[in-house]
Amino acid sequence: EATGFGALYFVESMLKDLNTDIKGKTIAISGFGNVAWGAAKKATELGGKVVTLSGPDGYIYDPAGLNDEKIEYMLELRASGNDIVAPYADKFPGSTFFAGRKPWEQKVDICLPCATQNEVSEADAKMIVDNKVMMVAEVSNMGCTAEAIDYFISNKLPYAPGKAVNAGGVGVSGLEMSQNSLRLSWTFEEVDERLHNIMVNIYKNAADAAERYGMKGNLVAGANIAGFEKIASAMMSQGVV
């Protein structure tokens, strides 16, 4: 769950800078695996309303929003090995299955790609902008095409790249390595708190870097610059350059 949880902590930070929070916001999520499950679980815990999930066969729209039972059913769907989400609509009345389509056509507040590479095309980006979505945060690796990202930025839609948003998985791997090396055993709550701090700092570093270089709000540039500066500083400190 680290990747999905961390992504929502990043989204919280984005919303805070927009002078709002996640409570009551409708959220479109793609995928139904571990990452999507973690994102849906944490979004719901924080007061958001997740209304979609998707698979290779299409997507589910559930206007009532996912609850604990529905979120856990995502794991059953994944464990079945069938790689489909259509059965969700049969199990939960009120939800609708859209075969061969993507969840980005729904009018929501937040879009969170959580499935595959290049799952958001330029055409999808145009739908998202037309639907007046508040923000897009890429939880999957390279979830948006380059054209989609350019469209978001040119239309001033807050967008955050996966290299920053989904860093929680790697961050918690680092915490596991620390525990192993130091022969420590942290509780779930301690690890979650450290993950939260990691993600808030990643957002802050990216946002600050973008502003320092005259590109306020451009988290793509900010994440790239902050990452480069960190590596460059380490290389200089070690005498590599």
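Arg78 is partly exposed, with a relative accessible area of 38%; here buried means under 20% relative accessible area, exposed over 50%, and partly exposed in between (1.4 Å probe, protein chains only). The model is predicted, so local features need pLDDT of at least 70 and side-chain atom pairs count only at pLDDT 80 or more, while totals for chains, interfaces and linings use all residues. Residues are numbered from 1 along each chain as its sequence is written, and side-chain values use heavy atoms, with hydrogens and water left out.

Arg78 forms a salt bridge with Asp83, the closest N and O atoms being 3.3 Å apart. A salt bridge is a side-chain nitrogen of Lys or Arg within 4 Å of a carboxyl oxygen of Asp or Glu. Side chains of opposite charge can pair when their charged atoms come close. Asp83 is found in the loop between α3 (68–79) and α4 (87–91). Helices (H or I, at least four residues) and strands (E, at least two) are DSSP runs, numbered from the N terminus. Asp83 is partly exposed, at a relative accessible area of 35%, and its phi is near 60°, a positive value in a residue other than glycine. A positive phi of about 60° is also found in Lys132, which is not a glycine. Lys132 lies in the loop between α5 (122–130) and β7 (135–137) and counts as exposed, at 71% relative accessibility.

Seven salt bridges are found in a search of the whole structure. One of them joins Glu105 to Arg101, with the closest N and O atoms 2.7 Å apart. Glu105 counts as partly exposed at 25% relative accessibility, and Arg101 counts as partly exposed at 42%. The side chains of Glu229 and Arg212 also meet in a salt bridge (3.0 Å, N to O). Glu229 lies in helix α10 and Arg212 in helix α9 (residues 188–212), so this pair ties together parts that are 17 residues apart in sequence. Glu229 is partly exposed, with a relative accessible area of 25%, whereas Arg212 counts as exposed at 52%.

Five strands form an open sheet in the order β2-β1-β6-β7-β8, with parallel pairing. Two strands pair if DSSP finds at least two bridges between them. β2 (49–50) and β8 (159–160) stand at the edges with a single partner strand each, so one side of each is left without a neighbour in the sheet. Strand β1 (residues 26–29) is joined to strand β6 (residues 110–112) by three bridges, and Ile27 stands opposite Ile110 in β6. Helix α2 (residues 34–45) packs on this sheet and touches β1 and β2, contact meaning heavy atoms within 4.5 Å. The direction of α2 makes about 175° with that of β1; axes are lines fitted to C-alpha atoms, for helices over the stretch in contact, and angles run from 0 to 180 degrees between N-to-C directions.

An open sheet of three strands has the order β3-β4-β5, and its pairing is antiparallel. β3 and β5 (96–99) stand at the edges, each with a single partner strand, so one side of each has no neighbour in the sheet. From one strand to the next, the twist averages 20°. Strands β3 (residues 52–55) and β4 (residues 58–61) pair over four bridges and form a hairpin with two residues between them. The bridge partner of Leu53 is Ile60 in β4.
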